Amino acid sequence: MRVTLPEKTQIAVHPDQASLAGATAARLITVIVDVQASGRVPRIVLTGGGVGIALLRDVASSPARDAVDWSRVDLYWGDERFVPAGDAERNEKQAREALLDHVGVDPARVHPMGAAPDDGGEPAHAETAAADYARLLASENGGDGIPEFDVTLVGMGEEGHTLSVFPDSPAVHEQAATVVAVFDCPKPPPTRISLTLAAARRSREVWVVAAGAGKAPAVAGALTGTPETELPVGGARGTELTRWLLDEAAASALPEGTVAGPA
């Protein structure tokens with residue numbers, strides 16, 4: 001059966017998770033260099049998770065790393081675990097240890113999401129952190145809305161969540177807000193801060209990075225028309241291109257003959 005993917009969608013399949021992370025790191029460096037060569041400051045949205053942090057380590061160790069002027073890159077996060085600032089589970093902390101502490105970033109251009117108080121905080125603290133990040137993004141766009149990102153990196157869960165937008169959750173139905181607090185997540189920690197799918201769709205390119213056979217059914221479903229309310233990862237789309245960067249295991253349930261639409 002021949003299946004044509006959505007318009008402006010590409011798939012790249014790599015043998016395993018390690019080669020996926022390395023290839024994605026090289027691709028990210030190339031994009032950042034190209035944007036800087038055009039005279040713009042790149043805006044990159046980072047993700048966490050095993051592959052998301054591994055690719056940042058690969059950027060840090062790449063011989064091409066210093067082709068980037070890291071002082072001229074704006075960095076954001078797609079979601080964050082709402083835990084105290086020093087907690088090892090924070091995507092920001094992991095990203096700093098993997099890459100940002102090893103390159104010459106401008107602290108003013110690194111935009112982490114807010115952290116929980118040391119006692120964990122109340123729901124209102126997470127709501128405030130989400131509102132603060134929405135205001136930050138609006139300020140980066142002249143006071144309204146959200147800036148146009150160059151690349152938004154996202155991972156996905158086996159049930160099809162992306163960012164911290166879970167199936168049939170309030171966040172997946174959100175149409176107006178750019179950043180939301182997420183409560184009662186089905187995987188720990190239960191409280192998160194997340195961009196909405198609408199915000200992710202303000203990116204020129206969205207890169208969905210996924211590895212492992214457990215994700216194969218959700219990958220196939222999202223790419224063959226399952227509604228985003230059931231598989232939110234299918235709603236993470238770029239204005240110019242959506243790249244699905246997979247290992248062979250994650251791609252294993254795609255129908256034979258699947259082809260990408262025009263990019």
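Before anything else, I wrote down my burial rule: buried means under 20% relative accessible area, exposed over 50%, and partly exposed in between, using a 1.4 Å probe and protein chains only.

**Entry 1: ground rules**

This is a predicted model, where local features need pLDDT of at least 70, side-chain atom pairs count only at pLDDT 80 or more, and totals for chains, interfaces and linings use all residues. Residues are numbered from 1 along each chain as its sequence is written, and side-chain values use heavy atoms, with hydrogens and water left out.

**Entry 2: salt bridges**

I took a salt bridge to be a side-chain nitrogen of Lys or Arg within 4 Å of a carboxyl oxygen of Asp or Glu. How many salt bridges does this rule give? The count is 14. As a reminder to myself, side chains of opposite charge can pair when their charged atoms come close.

I looked up Arg204 and found it bridged to Asp150, with 3.0 Å between the closest N and O atoms. Arg204 sits in strand 8 (residues 203-210) and Asp150 in strand 5 (residues 149-154), so this pair ties together parts that are 54 residues apart in sequence. My helices (H or I, at least four residues) and strands (E, at least two) are DSSP runs, numbered from the N terminus. Arg204 has 19% relative accessibility and counts as buried. Asp150 is buried too, at a relative accessible area of 5%.

Next I checked Arg243, which forms a salt bridge with Glu205 at 3.1 Å between the closest N and O atoms. Arg243 belongs to strand 9 (residues 241-247) and Glu205 to strand 8, so here the parts tied together are 38 residues apart in sequence. Both Arg243 and Glu205 are buried.

Arg90 and Glu92 also meet through their side chains, at 2.8 Å from N to O. I noted that Arg90 and Glu92 are buried as well.

Which residues join Arg204 and Asp150 in a network of salt bridges? I found Arg40, Glu148 and Glu240 linked with them.

**Entry 3: a valine in strand 5**

I stayed in strand 5 to look at Val151. Is Val151 buried or exposed? Val151 is buried, with a relative accessible area of 0%. I counted a contact as heavy atoms within 4.5 Å. Setting aside neighbours within four places in sequence, Val151 touches Leu28, Val31, Arg43, Ile44, Val45, Ser203, Glu205 and Trp207. Asp132 is 19 residues from Val151 along the chain, and their C-alpha atoms are 22 Å apart.

Two packed helices are described by the angle between their axes and the distance between the axes. My axes are lines fitted to C-alpha atoms, for helices over the stretch in contact, and angles run from 0 to 180 degrees between N-to-C directions. I sorted angles under 35 degrees as roughly parallel, over 145 as roughly antiparallel, 65 to 115 as roughly perpendicular and the rest as oblique.

Helix 1 (residues 17-37) and helix 2 (residues 49-61) have axes that come within 8 Å and cross at roughly 55°. That makes helix 1 oblique to helix 2. Among the contact residues I listed Leu20, Ala21, Leu28 and Ile29 of helix 1, with Val51, Ala54, Leu55 and Val59 of helix 2. The contact divides into 10 nonpolar, four polar and one charged residues. For these classes, Ala, Val, Leu, Ile, Met, Phe, Trp, Tyr, Cys and Pro count as nonpolar, Asp, Glu, Lys and Arg as charged, and the others, Gly among them, as polar.

**Entry 4: helix 2 against helix 3**

I then followed helix 2 to helix 3 (residues 91-98), where the axes come within 8 Å and cross at roughly 25°. Helix 2 and helix 3 are therefore roughly parallel to each other. Gly49, Ile53, Leu56, Arg57 and Ala60 in helix 2 meet Asn91, Gln94, Ala95 and Ala98 in helix 3. By class, I have five nonpolar, three polar and one charged residues in this contact.

Helix 6 is mostly covered, with seven of its eight residues buried. Strand 1 (9-14) and strand 9 are included in what covers these buried residues. Gly225 follows helix 6 and has a positive phi, near 105°.

In the loop between helix 6 (216-223) and strand 9, I looked up Ala236. Ala236 is buried, with a relative accessible area of 1%. Apart from neighbours within four places in sequence, Ala236 contacts Val154, Thr162, Leu197, Val206 and Thr242.
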